[in-house]
Every structure is written in C-alpha cells, then in structure tokens.
Amino acid sequence: MNLPILSVITFLPLVAALVIVFLVPKKNEKAIIHIATWTNGGFQFVEVASWIPSLGVQYKMGVDGVSLLLVVLTTLLSFISILASWEAIKERVKEYYVFFLLLEVGMIGVFSALDLFLFYIFWEVMLVPMYFIIGVWGGPRKLYAAIKFFLYTLFGSVLMLLGIIALYYFSGDVLGARTFDIEKLLTLGPATATWSLAQWVFLAFFIGFAIKVPMFPFHTWLPDAHVEAPTAGSVILAGVLLKMGTYGFYRFSVPMFPKQTVDNLWWLLSLCAIGIVYGAMVALVQKDWKKLVAYSSVSHLGMTMIGLFALTIAGIQGSVLQMINHGISTGALFLIVGIVYERRHTREISEYGGLAKVMPVFAIYFMIMTLSSIGLPTLNGFIGEVKILLGIAQVGGEAFSFFGASPYWWTVIAATGIVLGAAYMLWLYQRTMFGPVTNPKNERLPDLTLREKWTLIPLVVLAFWIGLYPKPFFAIMDAPIHKLLYEQVVPVLRQTGAKVDLPNPAEAPARPAAGHAATPGGHGAAE
C-alpha cells in the first residue's frame with residue numbers, strides 16, 4: 001500500500017492543530033510554537049477515494065508541475081511565517097497557531113484538489129482562519145479589515161459556487177454522467193464553446209478568482225487587509241492567498257472556457273493593464289510603508305495576469321514564475337516591514353531615515369529584496385518579467401487589439417509598470433535607509449537577530465537561484481503549460497475560428513527539453 005503523501009502534507013497541519021488544542025496546555029507557549037513551526041514538507045502523488053458517490057464527488061488529490069511549485073511555496077512561507085510570529089504574537093498564542101495551521105490545510109488543499117467539490121471546500125476552509133488572524137491579532141482597524149476581507153471573498157465564493165453547480169449539471173449532458181472530477185471537466189472546452197450559459201459561468205468564475213487575485217477594480221479589500229494583518233498574516237496573504245486567484249484562472253477559466261477567454265480578452269487585458277499602472281501610481285504616493293508594499297501587489301499581479309491572458313508559452317511561463325517570484329519578494333518585504341514595526345511600532349515612512357547606519361545587516365537584506373521586486377538581472381523578478389514581456393510581444397490577431405490599436409501596446413503598458421515599480425521601491429529605500437538619522441528613536445535600534453535572519457535567508461537564496469539558474473523551475477512547469485495551450489486551448493480556438501493568431505497543434509513538440517521552450521508559429525516562448 002502506497003503512503004498517501006499528498007494527504008499527509010495537506011492534513012499534517014490539521015493534526016498539529018488538534019494536538020495543540022487537546023494535548024498542549026494553553027500556558028505552554030513554547031511547545032505550541034515548536035509544534036506549529038515544524039509541521040511542513042514532502043512530495044505529492046495522486047490519490048483517489050470515493051466520498052459522496054450519489055453526487056459523483058471523490059476525494060481526489062494530485063499535483064502537476066505548476067501546483068507542485070505552489071504547494072512548495074505554501075509550505076515554505078507557512079514555516080517562515082510561523083517562525084516570524086515567535087516574538088510578535090503575545091496574546092492568545094494557542095488559538096493563533098491553531099488558526100494558522102488550519103489556514104495552511106486550506107491553502108495546500110486548494111492547490112492539490114482534483115475534485116471541484118473538494119476544491120471549493122478547501123477554498124472556503126481558508127476563509128475563516130484568515131478572518132480571525134486579521135480580526136483578532138491585527139492592527140487598530142482590524143475588525144473593519146477582517147469583515148471587508150470576509151465579505152468580498154464570500155461574495156466571490158458564492159458566485160463561483162453557482163458556476164460550479166452549473167458546470168456540474170452541464171457535465172452530465174456532455175459526458176453522460178455528472179461529475180466534479182477536474183480532469184474530466186478540463187475536457188469540456190470544446191463543449192463550452194457552444195454552451196448557452198458559458199459566458200455567465202465564465203463570469204461567475206472570473207469574479208470569484210478576480211477578487212482573490214485581486215484584479216482591478218476588485219482590489220479595494222487588499223490594502224486594508226494587508227495593513228491591519230499581523231506580519232505573518234500579510235506574508236501568507238501576499239505570498240499564497242493571492243495566488244489562489246491566479247491559479248484559479250490557470251486551472252479552470254482558461255482551459256474550461258477558452259473561447260470565452262478570447263471573446264473577453266479586450267476587457268480582461270484592459271483590467272490587467274489598468275491594475276499594473278494604477279497599483280504602481282498609488283504605491284508612489286503612499287506614506288505608510290506597509291500600504292506601499294500592498295499596492296505594489298496590485299501592480300505585480302496585474303503583470304502576472306496579463307502574461308497568462310497572452311495565451312503564449314512564454315507568457316504563461318512568465319505568469320507562473322511570477323506567482324512564485326511575488327510570493328518570495330513581496331513576502332520578504334512584508335517580513336522586513338514587520339521587523340521594523342516590532343522595534344518602532346509605526347509604519348510611517350517619514351518616521352525613518354538613515355537606518356542603514358543603525359541596522360546595516362537589515363539594510364543589506366532590504367536592498368536585495370528591493371532589487372528582487374523591481375526585477376534586477378541576476379534576481380528572480382527579472383526572469384519572470386522578461387518572459388511575460390516576450391509572451392505579450394508575440395500576441396497577434398484582432399482579439400488582442402483594442403479599438404484598432406496595435407497589440408504591442410500591451411507590452412508598452414507592462415513595461416511602464418516595471419519602470420514605475422523601480423521608482424516607488426527605490427524611493428522607499430532611499431527615504432528609509434539613506435541620509436542622516438534625524439529621529440532620536442531610531443538611534444539605538446537593534447539589528448537583525450538570528451531568528452529574523454533565518455526568516456529571510458531562504459527567500460534571498462531562492463531569489464538568486466531563480467535569477468541565476470531558472471532552468472529547473474521551467475522544467476517543472478513545462479509539461480502542464482504545453483498541455484494547457486496545445487491540448488486544451490488551441491484546438492478549441494482553432495475549431496471556433498477565434499480572432500487570434502494561433503500556433504498549429506500539429507507543430508507543437510511533445511515536450512521541449514527541460515528548461516527550453518519552442519516557438520511554433522511565432523506564438524510560443526522564447527528563452
């Protein structure tokens with residue numbers, strides 16, 4: 001009998017949470033912290049078991065290369081976030097770590113579920129723990145931020161549930177038996193092209209995922225949630241929870257509704273472009289350190305989504321890699337904000353200046369992750385952004401034109417976001433790290449502790465690894481991305497006469513060599 005590794009990884013945090021609840025005394029905070037910290041790791045395999053046969057619901061778990069990367073990112077950031085909480089959480093310690101472990105269960109489950117009913121259960125499971133993490137351990141406006149987060153996400157979830165139910169009944173008409181099996185539902189692309197309800201179901205999924213990303217104009221819950229959440233909550237929110245939305249578009253919207261995706265490209269790309277520029281412009285005027293980083297997420301994830309909607313190998317590769325990169329870079333930036341906040345209990349940028357003289361080691365880590373965020377060559381952000389720009393530059397066809405404008409304008413807009421990103425991040429660094437120490441409260445701030453260094457070191461290592469040698473990461477995601485484009489999207493669009501320039505599926509390689517992608521028909525990836 002094979003060990004169900006994926007279930008072990010998913011539910012190990014739940015076991016740890018139960019141990020903390022029932023076996024560890026509330027006053028034994030050290031034991032609670034250590035149990036929560038060391039509950040991570042492992043490989044993933046497909047597991048199937050009957051769950052609710054009358055509805056066709058299965059307990060089905062599995063990962064492809066893309067979801068594997070996201071599961072690894074989730075376990076890493078969960079470990080780092082709990083490590084960062086050791087000194088920050090002083091009240092209701094037991095309850096905090098229980099909620100955090102339950103949150104981890106939901107996040108891993110979302111990326112691992114291969115049954116749509118099970119996916120939705122995990123999607124909802126993560127909502128409640130995050131609500132309490134913000135609402136109980138957050139800042140002065142924590143209740144407002146928590147309720148806003150909950151209501152926005154719940155609204156999107158309800159619409160997505162309606163879409164799931166409609167898809168469930170539609171699968172019975174097409175497949176002969178109603179099912180929630182994601183692998184079977186992914187074959188419905190040709191059928192949804194002529195389904196009368198397809199546009200409405202596409203919009204239901206779109207709203208559910210767009211709120212989670214968040215895409216403009218569904219982003220307004222994000223700054224409040226980030227600012228009021230404790231440091232670890234912000235790290236997980238930026239590093240993992242937002243990726244649930246981008247993953248949803250990759251896993252469901254594009255392959256299940258390829259025709260609807262192309263039919264709506266003009267406004268999908270427009271929302272991405274607005275998000276890229278708007279998020280960067282608003283970040284430029286922020287006076288709050290944490291809110292600046294929060295708005296940068298709106299811009300970065302707009303870039304991620306425009307890469308996905310380019311429908312090219314390079315664009316999708318860049319999009320998936322930017323999901324990982326954003327978790328690394330922005331997660332580290334929230335850790336950095338939290339480290340300063342624990343010392344000064346203020347996030348006002350004007351309260352700082354000259355910190356490089358007082359905290360030189362801190363300044364080095366901050367500089368590395370700043371350069372990672374703006375996409376300096378040799379660091380992770382550069383590789384993802386270049387892939388996305390290459391992918392957008394390869395698009396063609398009327399569907400990518402906006403009021404007759406050249407499709408290349410999408411590349412220009414994306415590049416503008418990169419320039420603005422460099423502006424607000426370097427300006428933030430200059431205002432906080434350089435110059436004289438004018439505030440007496442900053443004169444004796446302690447530099448990084450050993451624990452704080454170890455929360456940042458893994459992220460710094462990953463930033464350089466991806467920046468210098470991204471080949472293993474592209475090799476992991478290569479096969480599922482080629483399958484998405486050449487087997488699930490392109491044949492349907494070619495069959496329906498979509499107004500895009502498409503590669504010929506017959507010319508597509510079975511699978512390019514690891515780390516290299518092909519460019520069939522001028523609409524593939526370029527290394």
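Residues count as buried under 20% relative accessible area, as exposed over 50%, and as partly exposed in between. Keep that scale handy for the exercises below, which work through a predicted model.

**Exercise 1. Val15**

Find the helix that holds Val15, and decide how Val15 is classed by accessibility.

*Solution.* Start with the location: Val15 sits in helix H1, which covers residues 5-23. Next, take the relative accessible area of Val15, which is 46%, so Val15 is partly exposed. Finally, look across the chain: Val105 is 90 residues away from Val15 in sequence, yet their C-alpha atoms are separated by 9.9 Å.

**Exercise 2. A helix pair**

Describe how H10 and H12 are arranged, and which residues make their contact.

*Solution.* Begin with the geometry. Helix H10 spans residues 198-212 and helix H12 spans residues 231-256; their axes come within 7 Å and cross at roughly 155°. Angles over 145 degrees count as roughly antiparallel, and H10 and H12 are therefore roughly antiparallel to each other. The crossing of H10 past H12 is left-handed.

H10 contributes Phe202, Phe205, Phe206, Phe209, Ala210 and Lys212, while H12 contributes Leu241, Leu242, Met244, Gly245, Gly248, Phe249, Phe252 and Ser253. Sorted by class, this contact holds ten nonpolar, three polar and one charged residues.

**Exercise 3. The whole chain**

Summarise the secondary structure, burial and contact range of the protein chain.

*Solution.* Count the elements: the protein chain has 22 helices and two strands. For burial, 61% of its 527 residues count as buried. For contact range, consider pairs at least 6 apart in sequence: 79% of these contacts join residues at least 24 apart. To finish, the chain exposes about 19600 Å², with carbon and sulfur atoms supplying 67% of that area.

Methods: Residues are numbered from 1 along each chain as its sequence is written. This is a predicted model: local features need pLDDT of at least 70, side-chain atom pairs count only at pLDDT 80 or more; totals for chains, interfaces and linings use all residues. Side-chain values use heavy atoms; hydrogens and water are left out. Axes are lines fitted to C-alpha atoms, for helices over the stretch in contact, and angles run from 0 to 180 degrees between N-to-C directions. Helices (H or I, at least four residues) and strands (E, at least two) are DSSP runs, numbered from the N terminus. Angles under 35 degrees count as roughly parallel, over 145 as roughly antiparallel, 65 to 115 as roughly perpendicular and the rest as oblique. A crossing is left-handed if the near helix is turned anticlockwise from the far one by less than a right angle, and right-handed if clockwise. Contact means heavy atoms within 4.5 Å. Ala, Val, Leu, Ile, Met, Phe, Trp, Tyr, Cys and Pro count as nonpolar, Asp, Glu, Lys and Arg as charged, and the others, Gly among them, as polar. Buried means under 20% relative accessible area, exposed over 50%, partly exposed in between (1.4 Å probe, protein chains only). Accessible areas come from the Shrake-Rupley method with a 1.4 Å probe; for residues, only the protein chains shown count as cover.
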